[in-house]
Amino acid sequence: HDLTAANKLAHKALAAGAESLQFFIDEPLGDHRLEGLLDGVNPAETDVRFYEANKNASPAGLLHHLHHLVNKRKLAPASVRGAINWSEEATVVQDDLEELLRFAMEHLPAFRVLPVNVKAKDDPAEELRSMLEQLDHWLVTMTQAGFSAQAVLDHSQVLLTVNSNYF
């Protein structure tokens with residue numbers, strides 16, 4: 001909720017050597033609020049990842065705001081890396097999924113917008129099955145919408161849960 005505090009934590013993490021930042025977004029961010037959140041953070045040098053925790057989230061809207069910020073700062077769009085993830089309950093995402101992927105491909109080509117969220121399970125084979133099913137879902141859905149399989153894979157991100165036994 002507190003963008004100033006989140007920005008201070010981001011700077012503290014970067015000063016400690018972080019190479020990527022993840023922000024949990026629970027309310028819509030416009031251009032001005034996103035600028036405040038990323039004040040002093042260069043998204044061309046640091047991966048910026050957003051988790052839209054609100055079930056009424058608009059990942060496409062957030063991506064548009066990020067693009068505005070990139071343009072305002074005169075950054076090379078291809079150098080901006082990161083990802084947007086969203087709540088599984090966010091039905092609004094399905095409505096603008098094609099726009100989301102198309103916009104990313106055209107304006108932020110290194111940004112990942114198709115999350116594969118793998119939940120921790122007792123059986124590693126189950127986790128692998130879940131990951132492959134979700135990737136298959138994106139491949140089928142988006143290739144049927146006219147996107148290439150390579151574009152879908154280039155804009156997907158796999159998120160795995162790890163525990164103390166991850167090796």
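Colleague: Let's start with strand E5: which residues point one way from it, and which the other way?
Modeller: This is a predicted model, so everything here is computed from it. In a regular strand the side chains alternate between the two faces of the sheet. In E5, Pro-115 and Asn-117 point to one side, and the residues pointing the other way are Leu-114, Val-116 and Val-118, all of them buried.

Colleague: How many residues of strand E5 are buried?
Modeller: Strand E5 spans residues 114-118 and is mostly covered. Buried means under 20% relative accessible area. The number of E5 residues that are buried is 5 of 5.

Colleague: Which residue is the bridge partner of Val-118 in E6?
Modeller: Strands of a sheet pair through backbone hydrogen bonds, either parallel or antiparallel. E5 and strand E6 (residues 156-160) pair in the parallel sense over 5 bridges. In E6, Val-118 has as its partner Leu-160.

Colleague: There is also an open sheet of 4 strands; which are its edge strands?
Modeller: The order in this sheet is E1-E2-E3-E4, with parallel pairing. An edge strand here pairs on one side only. The two edge strands are E1 (20-25) and E4 (111-112).

Colleague: Moving on to the helices, are H3 and H5 roughly parallel or roughly antiparallel?
Modeller: The axes of H3 (residues 59-72) and H5 (residues 97-107) come within 9 Å and cross at roughly 20 degrees. Angles under 35 degrees count as roughly parallel. That crossing angle therefore makes H3 and H5 roughly parallel.

Colleague: And is the crossing of H3 and H5 left-handed or right-handed, and how do the residues of the contact divide?
Modeller: The crossing is left-handed. H3 contributes Pro-59, Ala-60, Leu-63, His-64 and His-67, while H5 contributes Glu-99, Leu-100, Phe-103, Ala-104 and His-107. These residues divide into 6 nonpolar, 3 polar and 1 charged.

Colleague: Is Asn-7 buried or exposed?
Modeller: Asn-7 sits in helix H1 (residues 3-15). Not counting residues up to four places away in sequence, Asn-7 touches Gly-36, Leu-37, Leu-38, Asp-39 and Val-41. With a relative accessible area of 9%, Asn-7 is buried.

Colleague: What is the phi of Lys-74?
Modeller: Lys-74 lies in the loop between H3 and strand E3 (82-86), and at 73% relative accessibility Lys-74 counts as exposed. Most residues other than glycine have a negative phi, and most peptide bonds are trans. Lys-74 is not a glycine, yet its phi is positive, at about 55 degrees.

Colleague: How far apart are the C-alpha atoms of Ala-76 and His-137?
Modeller: Ala-76 is in the loop between H3 and E3, and at 44% relative accessibility Ala-76 counts as partly exposed. Along the chain, Ala-76 and His-137 are 61 residues apart. Their C-alpha atoms are separated by 31 Å.

How values were computed: Residues are numbered from 1 along each chain as its sequence is written. This is a predicted model: local features need pLDDT of at least 70, side-chain atom pairs count only at pLDDT 80 or more; totals for chains, interfaces and linings use all residues. Side-chain values use heavy atoms; hydrogens and water are left out. Axes are lines fitted to C-alpha atoms, for helices over the stretch in contact, and angles run from 0 to 180 degrees between N-to-C directions. Angles under 35 degrees count as roughly parallel, over 145 as roughly antiparallel, 65 to 115 as roughly perpendicular and the rest as oblique. A crossing is left-handed if the near helix is turned anticlockwise from the far one by less than a right angle, and right-handed if clockwise. Contact means heavy atoms within 4.5 Å. Ala, Val, Leu, Ile, Met, Phe, Trp, Tyr, Cys and Pro count as nonpolar, Asp, Glu, Lys and Arg as charged, and the others, Gly among them, as polar. Two strands pair if DSSP finds at least two bridges between them. Buried means under 20% relative accessible area, exposed over 50%, partly exposed in between (1.4 Å probe, protein chains only).
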